[in-house]
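Take a moment to turn the model around before reading on.

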Amino acid sequence: MMEQAKAAPAENDALVTVSGVEIASRLRLADGAPKGAVLILPGSLYSDVDGNYPAMNLRPHAYADLARQLAARGFASLRMAKIGPGTGSRVIDAEAAQKHRDFAMRVVVAEAGLNLLQRSVTASPLLVAGHSEGAVVASLLAQGPAGAQLAGVVSLSGPALRLLTLMRDQVAAMAPPGVPPQLAMFDRTVAAIRADEPVPAEALADPSSAMLAGMPPPAHAYLRSVDAVDPLAEIARVEQPVLIVQGGRDDSVPSAHAEQLRAARATLPTRTAFFEELTHFYKQAQKGMTPIQAMALESDSDPGVADAIARWALALAQPG
(Lines give C-alpha, C1' and ligand atoms only; values in the text may rest on other atoms or scores of the structure.)
Protein backbone atom coordinates (compact mmCIF):
# COMPACT_ATOMS: atom_id res chain seq x y z
CA MET A 1 0.00 0.00 0.00
CA MET A 2 1.38 3.37 -1.03
CA GLU A 3 1.76 5.88 1.80
CA GLN A 4 0.00 9.17 1.16
CA ALA A 5 1.99 12.37 1.48
CA LYS A 6 0.99 14.49 4.45
CA ALA A 7 -0.58 17.85 3.67
CA ALA A 8 1.44 20.89 4.66
CA PRO A 9 0.17 22.43 7.91
CA ALA A 10 -2.08 25.46 7.48
CA GLU A 11 -0.16 27.32 10.15
CA ASN A 12 3.53 27.49 11.00
CA ASP A 13 5.12 29.10 14.04
CA ALA A 14 8.18 31.30 13.65
CA LEU A 15 10.32 33.67 15.68
CA VAL A 16 11.39 37.14 14.64
CA THR A 17 14.40 38.44 16.57
CA VAL A 18 14.76 42.21 16.83
CA SER A 19 17.17 44.05 19.16
CA GLY A 20 17.53 41.38 21.79
CA VAL A 21 13.92 40.11 21.80
CA GLU A 22 12.45 37.00 20.20
CA ILE A 23 8.91 37.77 19.05
CA ALA A 24 6.44 34.96 18.42
CA SER A 25 4.89 34.98 14.96
CA ARG A 26 2.56 32.66 13.07
CA LEU A 27 2.24 32.18 9.33
CA ARG A 28 -1.20 31.19 8.03
CA LEU A 29 -1.24 29.81 4.50
CA ALA A 30 -4.05 30.55 2.08
CA ASP A 31 -6.63 27.89 1.32
CA GLY A 32 -5.56 27.09 -2.23
CA ALA A 33 -3.44 29.29 -4.46
CA PRO A 34 -2.76 32.58 -2.65
CA LYS A 35 -4.41 35.72 -4.00
CA GLY A 36 -2.39 38.00 -1.74
CA ALA A 37 -0.65 38.25 1.62
CA VAL A 38 -1.34 40.32 4.72
CA LEU A 39 0.91 41.30 7.63
CA ILE A 40 -1.30 41.64 10.75
CA LEU A 41 0.10 44.03 13.37
CA PRO A 42 -1.17 43.97 16.98
CA GLY A 43 -2.46 46.85 19.05
CA SER A 44 -1.17 48.46 22.22
CA LEU A 45 -1.73 45.78 24.86
CA TYR A 46 0.32 42.65 25.54
CA SER A 47 -1.16 40.18 23.04
CA ASP A 48 -0.06 36.77 21.84
CA VAL A 49 -0.07 35.79 18.16
CA ASP A 50 -3.77 34.95 18.27
CA GLY A 51 -4.77 38.30 19.72
CA ASN A 52 -5.35 37.08 23.29
CA TYR A 53 -4.23 39.00 26.36
CA PRO A 54 -3.02 36.49 28.96
CA ALA A 55 -1.97 39.16 31.49
CA MET A 56 -5.53 40.55 31.44
CA ASN A 57 -7.32 37.18 31.14
CA LEU A 58 -8.98 38.34 27.92
CA ARG A 59 -9.28 35.95 24.96
CA PRO A 60 -10.86 37.65 21.95
CA HIS A 61 -8.56 35.74 19.53
CA ALA A 62 -9.29 38.42 16.92
CA TYR A 63 -6.02 38.01 15.00
CA ALA A 64 -6.37 34.23 14.74
CA ASP A 65 -9.94 34.68 13.53
CA LEU A 66 -8.93 37.24 10.93
CA ALA A 67 -6.06 35.05 9.68
CA ARG A 68 -8.34 32.03 9.33
CA GLN A 69 -11.05 34.04 7.57
CA LEU A 70 -8.56 35.65 5.20
CA ALA A 71 -7.13 32.22 4.39
CA ALA A 72 -10.59 31.02 3.39
CA ARG A 73 -10.72 33.96 0.97
CA GLY A 74 -7.34 33.16 -0.56
CA PHE A 75 -4.99 35.34 1.49
CA ALA A 76 -1.94 34.20 3.39
CA SER A 77 -1.00 36.14 6.50
CA LEU A 78 1.60 36.58 9.19
CA ARG A 79 0.48 37.68 12.62
CA MET A 80 2.82 38.79 15.38
CA ALA A 81 2.69 38.89 19.16
CA LYS A 82 3.21 42.14 21.04
CA ILE A 83 6.24 42.18 23.30
CA GLY A 84 5.17 41.62 26.91
CA PRO A 85 4.38 39.05 29.62
CA GLY A 86 2.58 35.91 28.54
CA THR A 87 2.77 36.70 24.84
CA GLY A 88 5.45 34.22 23.83
CA SER A 89 8.10 36.90 23.42
CA ARG A 90 11.46 36.35 25.12
CA VAL A 91 14.29 38.72 25.98
CA ILE A 92 17.63 37.22 24.96
CA ASP A 93 19.76 40.36 25.35
CA ALA A 94 18.55 42.68 28.11
CA GLU A 95 20.78 45.57 27.09
CA ALA A 96 19.76 45.48 23.42
CA ALA A 97 16.11 45.05 24.43
CA GLN A 98 16.11 48.53 26.02
CA LYS A 99 15.53 49.90 22.52
CA HIS A 100 11.99 48.53 22.60
CA ARG A 101 11.09 51.21 25.13
CA ASP A 102 10.74 53.57 22.17
CA PHE A 103 7.67 53.35 19.94
CA ALA A 104 9.87 53.63 16.84
CA MET A 105 10.98 50.05 17.45
CA ARG A 106 7.48 48.84 16.66
CA VAL A 107 8.11 49.85 13.06
CA VAL A 108 11.41 47.94 13.05
CA VAL A 109 9.59 44.86 14.36
CA ALA A 110 6.95 45.28 11.65
CA GLU A 111 9.67 45.47 8.99
CA ALA A 112 11.11 42.18 10.26
CA GLY A 113 7.66 40.61 10.09
CA LEU A 114 7.14 41.86 6.55
CA ASN A 115 10.48 40.39 5.50
CA LEU A 116 9.50 37.03 6.98
CA LEU A 117 6.15 37.08 5.20
CA GLN A 118 7.79 37.87 1.87
CA ARG A 119 10.30 35.05 2.33
CA SER A 120 7.52 32.62 3.19
CA VAL A 121 4.86 33.45 0.61
CA THR A 122 5.07 34.68 -2.95
CA ALA A 123 1.80 36.48 -3.54
CA SER A 124 0.47 39.89 -4.42
CA PRO A 125 -0.99 42.24 -3.48
CA LEU A 126 1.08 42.53 -0.30
CA LEU A 127 -0.77 44.40 2.45
CA VAL A 128 -0.29 45.48 6.05
CA ALA A 129 -3.26 45.50 8.43
CA GLY A 130 -2.66 47.19 11.78
CA HIS A 131 -5.14 46.92 14.64
CA SER A 132 -5.71 49.86 17.00
CA GLU A 133 -2.23 51.23 17.85
CA GLY A 134 -0.93 48.84 15.21
CA ALA A 135 -2.73 50.95 12.61
CA VAL A 136 -0.38 53.82 13.44
CA VAL A 137 2.56 51.43 13.07
CA ALA A 138 1.18 50.41 9.67
CA SER A 139 1.06 54.05 8.54
CA LEU A 140 4.68 54.55 9.55
CA LEU A 141 5.77 51.26 7.94
CA ALA A 142 4.16 52.27 4.65
CA GLN A 143 6.17 55.48 4.56
CA GLY A 144 9.56 53.83 5.09
CA PRO A 145 11.77 51.78 2.77
CA ALA A 146 9.64 48.68 3.27
CA GLY A 147 6.60 50.60 2.08
CA ALA A 148 7.71 50.23 -1.52
CA GLN A 149 6.64 46.58 -1.29
CA LEU A 150 3.15 47.37 0.00
CA ALA A 151 0.13 47.68 -2.27
CA GLY A 152 -2.13 48.96 0.49
CA VAL A 153 -2.69 49.65 4.18
CA VAL A 154 -5.63 48.52 6.32
CA SER A 155 -6.46 50.55 9.42
CA LEU A 156 -8.35 48.24 11.78
CA SER A 157 -10.00 50.40 14.45
CA GLY A 158 -7.13 52.85 14.23
CA PRO A 159 -7.07 55.94 16.48
CA ALA A 160 -7.20 59.50 15.19
CA LEU A 161 -5.90 61.07 18.41
CA ARG A 162 -2.51 61.03 20.09
CA LEU A 163 -2.33 58.30 22.72
CA LEU A 164 -2.60 60.34 25.92
CA THR A 165 -5.46 62.38 24.46
CA LEU A 166 -7.22 59.14 23.54
CA MET A 167 -6.68 57.85 27.08
CA ARG A 168 -8.25 61.04 28.43
CA ASP A 169 -11.37 60.43 26.35
CA GLN A 170 -11.50 56.82 27.56
CA VAL A 171 -11.28 57.89 31.21
CA ALA A 172 -13.97 60.53 30.66
CA ALA A 173 -16.26 57.94 29.09
CA MET A 174 -16.12 55.84 32.27
CA ALA A 175 -17.84 58.56 34.33
CA PRO A 176 -21.38 57.60 35.46
CA PRO A 177 -24.20 58.98 33.29
CA GLY A 178 -25.02 62.56 34.20
CA VAL A 179 -21.85 63.00 36.25
CA PRO A 180 -19.24 65.35 34.71
CA PRO A 181 -15.81 63.64 34.66
CA GLN A 182 -13.23 65.10 37.02
CA LEU A 183 -10.02 65.15 34.98
CA ALA A 184 -7.92 67.96 36.48
CA MET A 185 -5.46 65.53 38.10
CA PHE A 186 -5.38 63.34 34.99
CA ASP A 187 -4.48 66.40 32.93
CA ARG A 188 -1.70 67.35 35.36
CA THR A 189 -0.34 63.80 35.18
CA VAL A 190 -0.38 63.80 31.38
CA ALA A 191 1.35 67.19 31.29
CA ALA A 192 4.12 65.84 33.52
CA ILE A 193 4.61 62.73 31.38
CA ARG A 194 4.75 64.76 28.20
CA ALA A 195 7.32 67.11 29.76
CA ASP A 196 9.37 64.17 31.13
CA GLU A 197 8.84 65.41 34.67
CA PRO A 198 7.81 63.53 37.85
CA VAL A 199 4.06 62.99 38.08
CA PRO A 200 2.26 64.74 40.97
CA ALA A 201 2.44 62.66 44.14
CA GLU A 202 -1.28 63.09 44.74
CA ALA A 203 -2.05 61.57 41.32
CA LEU A 204 -1.73 58.09 42.85
CA ALA A 205 -4.77 58.78 45.05
CA ASP A 206 -6.99 60.15 42.29
CA PRO A 207 -9.15 57.53 40.52
CA SER A 208 -8.74 59.24 37.16
CA SER A 209 -4.94 59.20 37.22
CA ALA A 210 -3.93 56.42 39.64
CA MET A 211 -3.23 53.80 36.98
CA LEU A 212 -1.25 56.18 34.79
CA ALA A 213 0.69 57.68 37.71
CA GLY A 214 1.53 54.24 39.08
CA MET A 215 3.41 53.17 35.98
CA PRO A 216 7.23 53.03 36.22
CA PRO A 217 9.37 55.65 34.44
CA PRO A 218 10.23 53.32 31.49
CA ALA A 219 6.50 52.91 30.82
CA HIS A 220 6.06 56.68 30.89
CA ALA A 221 8.93 57.01 28.43
CA TYR A 222 7.22 54.55 26.07
CA LEU A 223 3.88 56.34 26.38
CA ARG A 224 5.60 59.62 25.63
CA SER A 225 7.15 58.19 22.47
CA VAL A 226 3.76 56.88 21.30
CA ASP A 227 2.03 60.14 22.17
CA ALA A 228 4.54 62.09 20.08
CA VAL A 229 3.09 60.51 16.93
CA ASP A 230 0.02 62.18 15.40
CA PRO A 231 -2.09 59.44 13.72
CA LEU A 232 -3.91 61.92 11.48
CA ALA A 233 -0.69 63.40 10.15
CA GLU A 234 0.80 59.96 9.54
CA ILE A 235 -2.15 58.45 7.69
CA ALA A 236 -2.25 61.59 5.53
CA ARG A 237 1.33 60.80 4.45
CA VAL A 238 0.55 57.26 3.28
CA GLU A 239 0.64 57.26 -0.50
CA GLN A 240 -0.69 53.73 -0.91
CA PRO A 241 -4.45 53.06 -0.95
CA VAL A 242 -5.95 52.77 2.55
CA LEU A 243 -8.94 50.81 3.83
CA ILE A 244 -10.39 52.10 7.12
CA VAL A 245 -12.31 49.44 9.07
CA GLN A 246 -14.42 50.46 12.07
CA GLY A 247 -16.99 48.95 14.41
CA GLY A 248 -19.93 50.99 15.64
CA ARG A 249 -19.78 49.51 19.16
CA ASP A 250 -16.10 50.11 19.70
CA ASP A 251 -15.68 51.56 23.20
CA SER A 252 -11.88 51.80 22.91
CA VAL A 253 -11.69 53.74 19.63
CA PRO A 254 -15.15 55.18 18.85
CA SER A 255 -16.38 55.51 15.30
CA ALA A 256 -15.68 59.25 15.15
CA HIS A 257 -12.00 58.32 14.83
CA ALA A 258 -12.65 56.59 11.51
CA GLU A 259 -14.39 59.69 10.22
CA GLN A 260 -11.42 61.86 11.19
CA LEU A 261 -8.97 59.46 9.57
CA ARG A 262 -11.03 59.49 6.38
CA ALA A 263 -11.08 63.28 6.34
CA ALA A 264 -7.32 63.42 6.87
CA ARG A 265 -6.81 61.35 3.72
CA ALA A 266 -8.48 64.11 1.63
CA THR A 267 -8.20 63.03 -2.02
CA LEU A 268 -5.80 60.12 -1.46
CA PRO A 269 -7.22 56.70 -2.44
CA THR A 270 -9.28 55.59 0.56
CA ARG A 271 -12.18 53.27 1.29
CA THR A 272 -14.11 52.69 4.51
CA ALA A 273 -15.87 49.60 5.88
CA PHE A 274 -18.19 50.36 8.80
CA PHE A 275 -19.91 47.65 10.87
CA GLU A 276 -22.59 49.07 13.14
CA GLU A 277 -22.80 46.20 15.65
CA LEU A 278 -19.12 45.25 15.94
CA THR A 279 -16.76 45.88 18.86
CA HIS A 280 -13.06 46.78 18.93
CA PHE A 281 -12.30 43.09 18.30
CA TYR A 282 -15.07 42.73 15.70
CA LYS A 283 -17.47 40.73 17.85
CA GLN A 284 -21.23 41.09 17.50
CA ALA A 285 -22.26 43.08 20.59
CA GLN A 286 -25.79 43.41 21.86
CA LYS A 287 -27.16 46.81 22.76
CA GLY A 288 -26.76 47.63 26.42
CA MET A 289 -23.52 45.72 26.89
CA THR A 290 -21.00 47.50 29.10
CA PRO A 291 -17.50 48.14 27.70
CA ILE A 292 -16.12 45.44 30.00
CA GLN A 293 -18.69 42.90 28.79
CA ALA A 294 -17.95 43.74 25.17
CA MET A 295 -14.19 43.40 25.71
CA ALA A 296 -14.67 39.98 27.32
CA LEU A 297 -16.57 38.44 24.38
CA GLU A 298 -14.92 35.23 23.15
CA SER A 299 -17.19 34.56 20.18
CA ASP A 300 -15.78 34.36 16.65
CA SER A 301 -14.94 37.69 15.09
CA ASP A 302 -17.37 38.71 12.36
CA PRO A 303 -16.20 37.45 8.94
CA GLY A 304 -17.51 40.63 7.30
CA VAL A 305 -14.20 42.32 8.13
CA ALA A 306 -12.24 39.69 6.18
CA ASP A 307 -14.78 40.00 3.35
CA ALA A 308 -14.21 43.74 3.17
CA ILE A 309 -10.42 43.37 3.16
CA ALA A 310 -10.50 40.64 0.50
CA ARG A 311 -12.81 42.60 -1.81
CA TRP A 312 -10.71 45.74 -1.47
CA ALA A 313 -7.44 43.86 -1.98
CA LEU A 314 -8.67 42.05 -5.09
CA ALA A 315 -9.79 45.38 -6.54
CA LEU A 316 -6.28 46.75 -5.97
CA ALA A 317 -4.88 43.84 -7.94
CA GLN A 318 -7.03 44.61 -10.97
CA PRO A 319 -5.26 46.56 -13.71
CA GLY A 320 -6.45 50.15 -14.09
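Is Ala 135 buried or exposed? This is a predicted model, and in it Ala 135 has a relative accessible area of 5%. The cut-off for buried is under 20%, so Ala 135 counts as buried.

Where does Ala 135 sit? Its place is in helix α4. Look at what surrounds it. Leaving aside residues up to four places away in sequence, Ala 135 touches Gly 130, Ser 155, Leu 156 and Gly 158. Now look further along the chain. Ile 235 is 100 residues apart from Ala 135 in sequence, yet the C-alpha atoms of the two are separated by 9.0 Å.

Next, take the whole helix. α4 is mostly covered, with nine of its eleven residues buried. Those buried residues are Glu 133, Gly 134, Ala 135, Val 136, Val 137, Ala 138, Ser 139, Leu 141 and Ala 142. What do they pack against? The partners include three strands: β3 (36–41), β6 (126–131) and β7 (152–156). Helices take part too, namely α3, α8 and α9 (231–236).

Let us follow one of those partners. Helix α3 covers residues 104–120, and helix α4 covers residues 133–143. Their axes come within 9 Å and cross at roughly 75°. Angles of 65 to 115 degrees count as roughly perpendicular, so α3 is roughly perpendicular to α4. From α3, the contact is made by Arg 106, Val 107, Ala 110 and Glu 111. From α4 come Glu 133, Gly 134, Val 137, Leu 140 and Leu 141. What kinds of residue are these? The residues of the contact of α3 with α4 divide into five nonpolar, one polar and three charged.

An α-helix has 3.6 residues a turn, so residues three or four places apart point the same way. Keep that in mind while you look along the helices in the model.

Another partner of α4 was α8. Helix α8 (residues 217–227) also packs with helix α5 (residues 163–173). The angle between them is about 100°, and their axes are 7 Å apart. That makes α5 roughly perpendicular to α8. Which residues meet? On the α5 side they are Leu 163, Leu 164 and Thr 165. On the α8 side they are Leu 223, Val 226 and Asp 227. The residues of this contact of α5 with α8 divide into four nonpolar, one polar and one charged.

Now turn to the loops. Pro 125 lies in the loop between α3 and β6. The peptide bond from Ser 124 to Pro 125 is cis, with omega near 5°.

Ser 157 is found in another loop, between β7 and α5. Its phi is positive, at about 55°, although Ser 157 is not a glycine. Is Ser 157 buried or exposed? Its relative accessibility is 0%, so Ser 157 counts as buried.

Ala 266 also has a positive phi, of about 50°, although it is not a glycine. Its place is in the loop between α10 (256–265) and β9 (270–275). Ala 266 has 52% relative accessibility, so it counts as exposed.

At 10% relative accessibility, Ala 258 counts as buried. Ala 258 touches Ile 244 and Gln 246, again not counting residues up to four places away in sequence. Ala 258 and Phe 274 are 16 residues apart along the chain, and their C-alpha atoms are separated by 8.8 Å.

Finally, zoom out. How many helices and strands does the chain have? It has twelve helices and nine strands. The radius of gyration is 20 Å, close to the 20 Å that the globule rule gives for 320 residues, so the chain is as compact as a globular protein of that length. Its C-alpha atoms fill a box of roughly 75 × 45 × 40 Å, taken along the principal axes.

What about the inside and the outside? Of the 320 residues, 50% count as buried. The accessible surface comes to about 15100 Å², and 56% of it belongs to carbon and sulfur atoms. Last, consider the contacts in the chain with a separation of 6 or more: residues 24 or more positions apart account for 74% of them.

Definitions and conventions. Residues are numbered from 1 along each chain as its sequence is written. This is a predicted model: local features need pLDDT of at least 70, side-chain atom pairs count only at pLDDT 80 or more; totals for chains, interfaces and linings use all residues. Side-chain values use heavy atoms; hydrogens and water are left out. Axes are lines fitted to C-alpha atoms, for helices over the stretch in contact, and angles run from 0 to 180 degrees between N-to-C directions. Helices (H or I, at least four residues) and strands (E, at least two) are DSSP runs, numbered from the N terminus. Angles under 35 degrees count as roughly parallel, over 145 as roughly antiparallel, 65 to 115 as roughly perpendicular and the rest as oblique. Contact means heavy atoms within 4.5 Å. Ala, Val, Leu, Ile, Met, Phe, Trp, Tyr, Cys and Pro count as nonpolar, Asp, Glu, Lys and Arg as charged, and the others, Gly among them, as polar. Buried means under 20% relative accessible area, exposed over 50%, partly exposed in between (1.4 Å probe, protein chains only). The radius of gyration is taken over C-alpha atoms; the globule rule is 2.2 Å times the number of residues to the power 0.38. Accessible areas come from the Shrake-Rupley method with a 1.4 Å probe; for residues, only the protein chains shown count as cover.
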